[in-house]
Amino acid sequence: MTKHIHLGKLVLGRRKVLKLAGGASLVLAAPAYWRKLSAQEKTIVVRDPGGPYTKGFGEAFYEPFTKATGIKAVGVAGQHEPTSLIKGMVDTKSYTWDMALLSRSAHDQLISEGDYLEKLNVTSKHIETLPAVHKAPAYLGNDVFAAILAYREDAFKGKAAPKGWKDFWNVKDFPGRRSLRKHPFDTIEEALLADGVAPKNVYPCDIPRAFKSLDKVKKDIAVWWTGGAQTSQLLKTGEVDMCPTWNGRAQAAIDEGAPVKIIWDQMVWSSEGWCIIKGTPKADMCREFVKFAVDPQAQAAWTKHVAYGPTHPEAYKFIPAERAKVLPTHPDNFKNDVEVDNVYWGKHKDKVTEQLNAWLLA
Amino acid sequence: MTAAAASAFARPRRSWGRFLPLLPVLVFLGFLFLYPVGQLLWLSVVEKGSGDLTAAHYARLLAVPVYSKVLLITFETSAWCTLFCVLGGYPVAYLLATTGDKWRNNLMLLVLLPFWTSFLVRTFAWIVLLGRNGAINKWLQALGITDAPLGLIYNFAGVMVGMTHALMPLAIISMVSVMENIDANLPRAASTLGARGGQAFFRIYFPLSLPGVAAGGLLTFITAIGFFITPALLGGRQQIMITQVIIEQVQDLMNWSFGGAVSMLLLVSALFVFWLYDRALGMSTLAGGSPASQVGDRGTWLSRGFAWVGDLATAAIGRACDLAAVAWETVFPQRPDKPPVKIARGVLWATALSVVAFLAVPTFFIIPVSFTTEGFIQWPPKFFSWRWYDTVFESPTWIAAIVRSLTVATLSAGVAMLIGTPAAFFLSRQSMIGKTAMLGVILSPLIIPRIIIAVALFYFYAKLGLIGTNLGLILGHAVLAVPYVVVTVMAVLKNYDERLDQAASSLGANRWRTLWHVTFPLIRAGLIAAFIFAFVTSLDELTIALFVSGGLVTTLPKQMWDDALLKVSPTLAAVSTLLLIFVTFMILAAEYLRRRAVHK
């Protein structure tokens, strides 16, 4: 009969469980944190991408802002592209966050799908000098991230190294293991650039031409990646020799000593910027924050944590030359570039995703 | 035999009161799953803006072949994964259920290992082990077995390795909990009656263990359907899972209507598979009734057919084994001066140990990596640094996340047990019309992608003021855990001899005393298995936590996901190691306390 309770022998006794539950309820009794926060008059909750951003944003924006205005800014990390969650917050008026750093494409989507973001209506001398591409009624750009081609230098030792998308597509002269993003964004643009489309003519995308171009390398792609952290790993371990990725992810591998090189020519870039969630009772405090954050010196401060480019050109006055070289908006890098057309993608993303999935499965 | 006798004994009561045990699960899932998710899925049949009914989304679903193709790939992948989990897991479960205390407990710790490492860490462990410059390929080349690196991942094989590794403990524990309740005297009785090992096993033990196989297979299959991160990271061009497509629709495209339509397609086809499974194997092997071989007049033609084929097959295999044994003994006659060689047992040990090694390897790889000086999870690690442990201990966020996740997991598992156990008792012991449909409803939270449940719960919680609360998180995770509890407990109740309860009550015990002192202790293995599944589900859950907490209440998976924004750092390995040590310590301490209590 004792046989019956074998698995049971591994278990906490009933009393032990009760004790544990008692302790646990103490932890839970610490009341819901955010309610306390949002109940506080002078606090705003800002969504940021988390990870290395948390530290950089704290030093560059949140702490100085609190010191200057007495308004506490709390950064929280949300999921990537939190459009659904923001829609939910606005629809139900449950403002877990008051504002957010969003990608330009998330911003465009929240504008076109409905009325989910506040008009910013702020100005300052720095906002006036911010390049126009980074400004929209509900959006002020903070940083630029670029899809670039990264390659392992050791894989091309003594041979000609690739210089751009055309070489990535040229399997014969540039042999090596390749990886591509399993998503239409960037991949379609890269396929067109490789096929000889000039950067300024990439949009509207010639989709059939892009797929014809992709056909040429289909069987040579060893890894189809889906997440940014995966590409840092692919490059660091030398799993692949060439891999398009965002410059920050390639930089993470370089910073750890991997012999990886970034090709800036024909980079495909977009930006992230400040947005205020429609209807938040703290909208005016958030406006204060946005005004404060669009500041060259503050922008310069956080680039030491994440290698994305400040949107304000004057920020480079405050960035050490060594670091400035690896940022996408540095004048040496920021040329012959393609700015992602989020309006185009807003209209075609659904259809092209469907086509790409069909192509991948064929 | 026992069940048939028992069901003849228990006269069905006609009052509505007998449905009382189903009430908690109906109310719970009704409010927290059916109502909110139903509302969201309703969007798939209405036109945006006007609110008119439309079939446009479903028309697109059928017109564009890529969606059914992805669905098919998802089912194929899940089916293969289930097959590997059950085939590989069975010998391990059998060994665990039939070997001595000392071995069993240590092996069980190893089997459970994959549960305590986050899916993210586990998957990256495989990437680094199986990659082009990974440990395995390096060893193979160093030993001269291969000249060039093998393509071990970024293909179907990689997905199978990752998914089987993640899900096999689920299959094993489901099977063990049933096998432990098989009376060891039954195979012995068979031997006394002249059956050799093979016949005794295949004709007696194996059929009795089938409820465990059915439950383990079902849970594995349905859980596998929802996998997308592992296939995305370890798969190749063609490994696209349906959940990925739904997430893209809901999250990236904000197209909830079409996302809802794809989810409906998934739900309907998964329930259809479940219905077939039920017809063929007789989930009624689970849901009370009798084992397949005795369904007789009550079963459908399909289940009768399967039962007949099954009987024939087990008999044939058993006979073949015995013939082989006879042949073996004729060629190598047993010498009376030497103890008999137990070949079968040796093969069993070898198979089971290699499966257990497969389960444990990535974890033992994670531990050294957590002491590396480098900033990446990489093999071989460069020793030696406490740096990653410092990061964890110096950060209040990490500590808070670990404590919160363990607490939330414990409580949500508790809630799921309270709600799921009565339902399991009812479903396995009482007859009702539409039992299969009821089980289908209970399984649905595992089939519907979590992103859908998360969005739906957000809207529902907003009305109740539960957003950002721990309670909301606990209840949300319990929705996912209830199906595991119901299926696991039903499986152990299958072989439970109800006459023991009747004996207790004839001796004067009331219903609660019988439950507490007779039934629960006897099915303890199943209850614990159910608890572990519920606990792990919560411990590894990301999506619902992100929506319900808005990021302010940090849980462990969320903190890991955050940390892995640019790269997967050894911090994650360090956290996993700490968690592993903690859980193992708790289990060992509990075991020690239990032993001391027994010896007093």
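**Briefing: chain A, chain B and the helix α12(B)**

The buried residues of α12(B) pack against elements of both chains: α4 and α15 of chain A, and α4 (65-98), α11 (229-234), α13 (256-281) and α19 (450-464) of chain B. The model is predicted, and chain A has an average pLDDT of 89.

**Helix α12 of chain B**

- Helix α12 spans residues 242-252 of chain B and is mostly covered, with 11 of its 11 residues buried.
- Among these buried residues are I242(B), V245(B), I246(B), I247(B) and V250(B).
- The buried set of α12(B) also includes T243(B), Q244(B), E248(B), Q249(B), Q251(B) and D252(B).
- After α12(B) comes M254(B), which has a positive phi, near 50 degrees.

**Contact between chains A and B**

- In the model, 67 residues of chain A are in contact with 75 residues of chain B.
- On the side of chain A that touches chain B, two or more residues come from each of α1 (14-29), α2 (33-39), β2 (72-77), α4 (83-92), β7 (221-225), α10 (228-237), α11 (247-255) and α15 (342-361) of chain A.
- The element that gives the most to this side is α15(A), with eight residues.
- Sorted by class, the side of chain A that touches chain B holds 27 nonpolar, 25 polar and 15 charged residues.

**Confidence in chain A**

- In chain A, 89% of the residues score a pLDDT of at least 70.
- Confidence in chain A is highest in helix α9 (residues 207-217), at 98, and lowest in α1(A), at a mean of 49.
- Where pLDDT is low, the predicted coordinates should not be read in detail.

**Residue P137(A)**

- P137(A) is located in the loop that runs between β4 (135-136) and β5 (139-152) of chain A.
- P137(A) counts as exposed because it has 11 C-beta neighbours inside 10 Å, and the cut-off for an exposed residue is 12 or fewer.
- Leaving aside residues up to four places away in sequence, P137(A) touches K119(A) and L120(A).
- I207(A) lies 70 residues from P137(A) along the chain, and the C-alpha atoms of the two are separated by 31 Å.

Methods: Residues are numbered from 1 along each chain as its sequence is written. Chains are lettered from A and ligands numbered from 1 in the order in which they are written. This is a predicted model: local features need pLDDT of at least 70, side-chain atom pairs count only at pLDDT 80 or more; totals for chains, interfaces and linings use all residues. Helices (H or I, at least four residues) and strands (E, at least two) are DSSP runs, numbered from the N terminus. A residue is buried if 20 or more other C-beta atoms lie within 10 Å of its own, exposed if 12 or fewer, and partly exposed in between; C-beta atoms are placed from the backbone. Two residues are in contact if their C-beta atoms, placed from the backbone, lie within 7 Å. Ala, Val, Leu, Ile, Met, Phe, Trp, Tyr, Cys and Pro count as nonpolar, Asp, Glu, Lys and Arg as charged, and the others, Gly among them, as polar. pLDDT is the predictor's confidence in each residue, from 0 to 100.
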